[in-house]
Amino acid sequence: MAIDTGALSRPPAPHWFTPKRLLVVFFVINVMNYMDRGTIASNSVNGSPRICTQSGVCSDGSGIQGDFDLTNFKDGVISSAFMVGLLVASPIFASLAKSINPFRLIGVGLSVWILAAAGCGFSVDFWSLVVCRMLVGVGEASFSCLATPFIDDIAPVDQRTTWLGIFYMSLPTGVAVGYAYGGLVGAKLGWRCAFFGEAILMLPFAILFFTMKPLHMKGISIDKKFPMSLNDNLPNHSSKEHASYLSITSNQLSRFWVDIQAILHEKIYLINVLGMNAYYFVLGGYSYWGPKAGYSIYQMNNVDIFFGGITITGGIIGTLGGSIILDRMKSTIPNAFKLLFTTTFFAAVFCFSAFCFSNLYVYMVLFLIGEILIFSNMGPINFVCLHTVTPTLRPLAMAMSIVSSHIFGDVLSTALVGKLQDKVDNWRTSILILTLVLFLATGIWFMGMFLHNLDRYDEDNEILVTTSKQSDVIPLLKNKSDDVIPTSTSL
């Protein structure tokens with residue numbers, strides 16, 4: 001089919017989504033993702049269990065725990081149930097990005113998230129709430145693995161890590177907002193209304209991702225033959241088309257396995273993910289056990305407020321600061337590993353030293369510095385994940401890093417640290433042993449400095465578009481001076 005050369009030469013029509021506006025939208029969506037985690041953990045939403053005295057008088061309890069009469073174990077299951085959906089669905093959405101426009105997949109994920117959040121408000125017992133929390137994780141999965149490649153595409157070349165850092169500032173910000181939101185809404189309107197409010201707040205963004213012209217992601221082609229996708233109209237259900245569907249599904253699975261093997265052959269990517277696992281092991285342990293350990297060691301009042309303040313302060317300063325520093329150094333994989341090694345080493349020194357001191361104020365200063373250094377790794381870690389694989393593999397690479405860092409990182413650490421504390425019965429010893437794992441992350445990233453590093457961002461090993469669609473697609477940020485994001489007419 002002939003290509004309209006005139007269409008290729010014409011400049012793109014102005015579009016509402018400039019790069020900065022898209023970054024803001026992604027930031028706000030991720031704030032709401034993490035706000036949900038803070039909301040369900042807040043005292044007004046999570047509540048307290050029913051307690052019976054020896055005389056047989058029982059209190060009603062409050063929040064989710066009180067309404068469903070949950071033990072602390074069941075309450076912990078609810079808090080982490082979303083992780084099941086996130087870990088299972090992330091690789092699926094990443095693989096589907098080769099057949100369905102990633103922009104539309106984000107819309108699908110947000111729609112699932114909205115229904116699941118509303119379902120949490122309508123839940124009638126423990127198991128219905130667990131199922132809804134798992135679906136919240138499924139909804140978040142599409143955004144988690146697809147948003148960062150878009151940001152990497154639209155960011156100016158000399159500010160890529162800074163833009164990633166701005167995006168990841170949404171993690172501590174969202175959790176802190178969730179604590180406040182859950183406390184306010186839960187206390188005034190009840191815990192169910194807190195989930196209804198989340199669904200309402202996310203609804204405009206889901207509509208936006210379905211209605212606006214989809215953006216094209218670098219390295220991803222849209223398979224126009226993929227049946228029953230968001231790219232085409234629904235096919236007729238003939239036996240021949242059913243066989244075709246099975247064949248294409250089989251091809252999708254085969255391609256997924258080939259992509260997994262390609263990622264597993266990227267040594268630099270694997271070294272980075274191993275470091276991430278150790279890094280998130282410590283971060284998850286601090287997040288879950290930190291308040292309880294701080295109260296036990298230092299007998300501080302308002303320990304939740306203290307750790308919340310440390311997290312948001314260290315998170316914002318560290319995440320943005322580390323990303324800006326890498327851009328100033330020049331964003332390359334070797335420089336990223338140098339920064340990861342340096343900041344993680346000093347983070348381990350400051351955090352370990354903090355828990356060695358008995359003086360509360362010395363501890364607070366040293367731990368804050370350590371937290372800033374820990375969070376400064378957010379941008380460089382994800383920069384390495386995105387640039388050590390070819391563009392077509394970036395969504396799956398992000399998905400697999402998410403799966404690995406949660407399974408072998410924060411999910412594992414909460415259980416192991418709890419088991420360790422049961423054995424040694426000394427919070428200072430338990431936290432110091434946990435902190436030593438940061439030195440392991442330091443050693444892993446140190447090895448990354450000496451491996452052959454190749455930035456594969458500009459390697460395209462797939463045809464981006466079919467010939468018949470070339471006139472409709474413009475590469476993202478072809479001219480960095482243009483403040484307009486080109487779009488694709490294919491859905």
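**A buried valine and its surroundings**

Reply: Valine 273 counts as buried, with a relative accessibility of 8%; the term buried means under 20% relative accessible area, exposed means over 50%, and partly exposed covers what lies in between (1.4 Å probe, protein chains only). The model is predicted, so local features need pLDDT of at least 70 and side-chain atom pairs count only at pLDDT 80 or more, while totals for chains, interfaces and linings use all residues. Residues are numbered from 1 along each chain as its sequence is written, and side-chain values use heavy atoms, with hydrogens and water left out.

Valine 273 belongs to helix α13. Helices here are DSSP runs of H or I with at least four residues, strands are runs of E with at least two, and both are numbered from the N terminus. With neighbours within four places in sequence set aside, valine 273 is in contact with Ser401 and Ser404, contact meaning heavy atoms within 4.5 Å. Valine 273 and methionine 398 are separated by 125 residues in sequence, and their C-alpha atoms are 10.0 Å apart in space. Across the chain, 81% of the contacts with a separation of 6 or more are between residues 24 or more positions apart. The chain has 20 helices and zero strands, and 53% of its 491 residues count as buried.

Rings of Phe, Tyr and Trp (its six-membered ring) pair if their centres lie within 6.5 Å; planes under 30 degrees apart count as stacked, over 60 as edge-to-face, and the rest as tilted. A search of the whole structure finds 24 such pairs. In one of these, the rings of tyrosine 286 and phenylalanine 355 have centres 6.3 Å apart and planes at 35°, so the pair is tilted. Tyrosine 286 lies in α13 (residues 267–298) and phenylalanine 355 in α15 (residues 333–356), so the pair ties together parts 69 residues apart in sequence. Tyrosine 286 is buried at a relative accessible area of 4%, and phenylalanine 355 is buried at 2%.

Phenylalanine 345 is partly exposed at 33% relative accessibility, and phenylalanine 346 is partly exposed at 40%. Elsewhere, Phe26, Phe103, Phe143, Phe150, Phe167, Tyr168 and Phe209 form one aromatic cluster.

What does asparagine 377 touch, not counting residues up to four places away in sequence? The list is Tyr279, Leu339, Leu340, Thr343, Thr344 and Trp445. Asparagine 377 sits in the loop between α16 (360–375) and α17 (378–387), and counts as buried at 1% relative accessibility. As for α17, ten of its ten residues are buried, so this helix is largely enclosed by the rest of the structure. Among the buried residues of α17 are Met378, Pro380, Asn382, Phe383 and His387.

Most residues other than glycine have a negative phi. Lysine 330, although not a glycine, has a positive phi of about 90°; this lysine is in the loop between α14 (303–329) and α15 and is exposed, with a relative accessible area of 58%. Aspartate 425, likewise not a glycine, has a positive phi of about 55°. Aspartate 425 lies in the loop between α18 (394–424) and α19, and counts as exposed at 64% relative accessibility.

The axes of α19 (residues 427–435) and α20 (residues 437–448) come within 4 Å and cross at roughly 5°; axes are lines fitted to C-alpha atoms, for helices over the stretch in contact, and angles run from 0 to 180 degrees between N-to-C directions. That makes α19 roughly parallel to α20, on a scale where angles under 35 degrees are roughly parallel, over 145 roughly antiparallel, 65 to 115 roughly perpendicular and the rest oblique. Ile433, Leu434 and Thr435 of α19 make the contact with Val437, Leu438 and Phe439 of α20. By class, this contact has five nonpolar, one polar and no charged residues; Ala, Val, Leu, Ile, Met, Phe, Trp, Tyr, Cys and Pro count as nonpolar, Asp, Glu, Lys and Arg as charged, and the others, Gly among them, as polar.
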